[in-house]
Amino acid sequence: MTIERWLRLLGGLFVLMSAVLAYWHSPYWLLFTGFVGLNLFQSGITDWCPMVWVLERAGVTRCKGRKV
């Protein structure tokens with residue numbers, strides 16, 4: 001799996017996880033949902049995401065069509 005697919009998978013997982021935790025545990029978990037959304041927003045504008053850096057260090061490969 002490529003970094004791009006991992007990013008979508010983890011972003012969706014984090015949003016779902018924080019929504020469930022907000023419902024069952026504490027509404028303060030919605031702050032985490034906001035953080036994920038803000039990070040996705042800035043990534044769309046700047047084309048830089050901290051999770052890409054983490055996944056690259058973990059050995060996940062980039063999409064072959066992507067030039068760095």
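Modeller: Let's start with how helices and strands get called: they are DSSP runs, H or I over at least four residues for helices and E over at least two for strands, numbered from the N terminus. In this chain that gives three helices and zero strands, in the order α-α-α. Bear in mind that this is a predicted model, where local features need pLDDT of at least 70, side-chain atom pairs count only at pLDDT 80 or more, and totals for chains, interfaces and linings use all residues. Residues are numbered from 1 along each chain as its sequence is written, and side-chain values use heavy atoms, with hydrogens and water left out.

Biologist: Is Tyr23 buried or exposed?

Modeller: Buried means under 20% relative accessible area, exposed over 50%, and partly exposed in between (1.4 Å probe, protein chains only). Tyr23 sits in helix α1 and counts as exposed because its relative accessibility is 65%. Of the chain's 68 residues, 18% count as buried.

Biologist: Okay, and which helix gives the largest share of the lining of the largest pocket?

Modeller: Rolling a probe the size of a water molecule over the atoms shows where empty space is left. On a 1 Å grid over the protein atoms alone, a pocket is an open set of points where a 1.4 Å probe fits, with protein on both sides within 12 Å along at least five of seven lines; lining residues have an atom within 4 Å of a point. Here α2 supplies the largest share of that lining, five residues. The lining has 13 residues in total, with Phe14, Val36, Asn39, Cys49 and Met51 nearest the pocket's centre. Helices α1 (3-24), α2 (30-46) and α3 (50-57) each supply at least two lining residues.
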